[in-house]
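This briefing covers selected structural features of the model shown below.

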Amino acid sequence: MAAPSCGHVFLLTEVAALKSMHKTTNDFVNSYNANRFAFTREQIQSKITEITDLTRDYLNASGVRYEEKGTMYGSYPYSAFYLHGEVGGSRISRFLKGVEAKPSYKAETIKVMLDPVYKLRQSAAAHYQPETKTVHVGPETFTYMKLGVSTALRHELKHAFESAKISRGEMTLARFTFRGSAKSDDAYAAFMRLDELDTYIRDLRQLTNPGKIKQINQDLKDSGYSSADMEYFATFRKGTIENSKSILNNIILKSHEALTLAKQQMQAKLPTVIDGKSRPTFVSDGRDNSKYSSVEINLDNLVSGSDQVKIQTENIKAIDWALLKIAEVQKELESLQR
Ligand SMILES: [Zn+2]
């Protein structure tokens with residue numbers, strides 16, 4: 001009789017470790033956020049330590065290498081983990097290895113940090129901090145990635161790569177920042193960088209690619225999930241896809257409108273330039289919650305000096321480039337909707 005393959009045993013351990021990490025973290029975060037005064041100092045410290053230990057167990061079981069860094073949540077010490085991929089590890093570990101192999105990743109020294117108590121700090125699943133070039137993720141990011149229901153880590157890494165283009169003097173949608181009404185219920189209504197087009201269309205490509213889904217389903221089957229579980233994950237994935245599509249449609253509509261207006265204003269008069277940077281262009285008075293009120297274009301490492309005509313020309317060139325990109329993404333989105 002053949003012995004079970006190492007890979008299979010390894011994956012089952014990974015799933016058990018992932019489940020413990022996910023459940024313990026979620027239970028604590030939910031009850032702590034509901035009523036933090038129900039916990040004593042000792043209970044909080046002991047939970048944070050337990051979650052950190054379970055996170056370490058998960059990383060060990062999934063073959064992700066890490067460096068631990070002592071940190072604090074308020075006055076509670078614990079460890080955060082800087083992650084590195086490994087060739088023979090789990091799907092997640094191999095994914096990280098592939099990202100690290102990209103020349104721009106090394107050149108930009110982008111870091112991925114897993115914070116066991118991320119959810120006590122943030123409502124999102126993950127985020128990218130340009131100042132420190134660090135993608136911050138919480139434990140649930142790995143659950144969702146394993147289940148193939150969301151691609152938060154991939155999404156934030158794309159933001160990191162797009163931001164890096166600014167320092168290299170390349171054109172990128174990350175150069176465009178939109179601001180609008182915080183009163184609107186839309187996601188990204190108050191603040192939006194246009195590279196969300198790159199990240200969301202990429203998420204959709206991943207989540208709708210039949211080959212990738214087949215691979216994820218095989219991985220889940222090998223990991224011991226039942227067909228009922230997998231049906232639930234498929235429904236979850238469908239929800240993520242529909243949500244991403246609606247966010248993209250909305251961004252396309254609003255950014256196209258705002259950029260068209262910004263271009264008209266830019267052509268009508270020279271931009272106000274302070275310290276080599278042009279001021280944001282106001283495209284709406286802010287009373288209409290369905291529109292962006294301002295557009296700001298970051299021309300760092302593209303133009304230097306305060307020559308208004310030169311900056312006007314570069315701004316218009318940048319807008320034309322962005323409008324083409326918007327049209328490309330819209331076309332791809334329409335093909336996905338068919
Ligand atoms: Zn994003």
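**Helix pair α7 and α8**

In this predicted model, the residues Arg 154, His 155, Lys 158, His 159 and Glu 162 of α7 meet Asp 198, Thr 199, Arg 202, Asp 203 and Gln 206 of α8. Sorted by class, this contact comprises 6 charged and 4 polar residues, with no nonpolar residue.

*Geometry of the helix pair*

- Two packed helices are described by the angle between their axes and the distance between the axes.
- Helix α7 spans residues 152-167 and helix α8 spans residues 196-208; they pack at an angle of about 140°, and their axes are 9 Å apart.
- Angles over 145 degrees would count as roughly antiparallel and those from 65 to 115 as roughly perpendicular; α7 and α8 are therefore oblique to each other.
- The crossing in which α7 passes α8 is right-handed.

*Sheet and packed helix*

- An open sheet is formed by 4 strands with antiparallel pairing, in the order β7-β6-β11-β10.
- At its edges are β7 (191-193) and β10 (281-282), each of which pairs on one side only.
- Helix α10, residues 227-268, packs on this sheet and touches β6 (176-180), β7, β10 and β11; the direction of α10 makes about 65° with that of β11.
- Strand β11 covers residues 292-297 and pairs with β10 over 2 bridges in the antiparallel sense.
- Phe 282 is placed opposite Ser 294 of β11.

*Loop residues with positive phi*

- Most residues other than glycine have a negative phi.
- Lys 133 is not a glycine, yet has a positive phi of about 50°; this residue lies in the loop that joins β4 (126-129) and β5 (134-137).
- Lys 133 counts as partly exposed because it has 15 C-beta neighbours inside 10 Å, between the limits of 12 or fewer for exposed and 20 or more for buried.
- Asn 301, also not a glycine, has a positive phi of about 65°; Asn 301 is located in the loop between β11 and α11 (308-337).
- Asn 301 counts as exposed because it has 12 C-beta neighbours inside 10 Å, and 12 or fewer is the criterion for that class.

Conventions. Residues numbered from 1 in each chain as written. Predicted model: local features only at pLDDT ≥ 70, side-chain atom pairs only at ≥ 80, totals over all residues. Pairing = 2+ DSSP bridges. Contact = placed C-beta atoms within 7 Å. Axes fitted to C-alpha atoms, helices over the stretch in contact; angles between N-to-C directions. Parallel < 35°, antiparallel > 145°, perpendicular 65-115°, else oblique. Left-handed = near helix turned anticlockwise from the far one by under 90°. Nonpolar A, V, L, I, M, F, W, Y, C, P; charged D, E, K, R; others polar.
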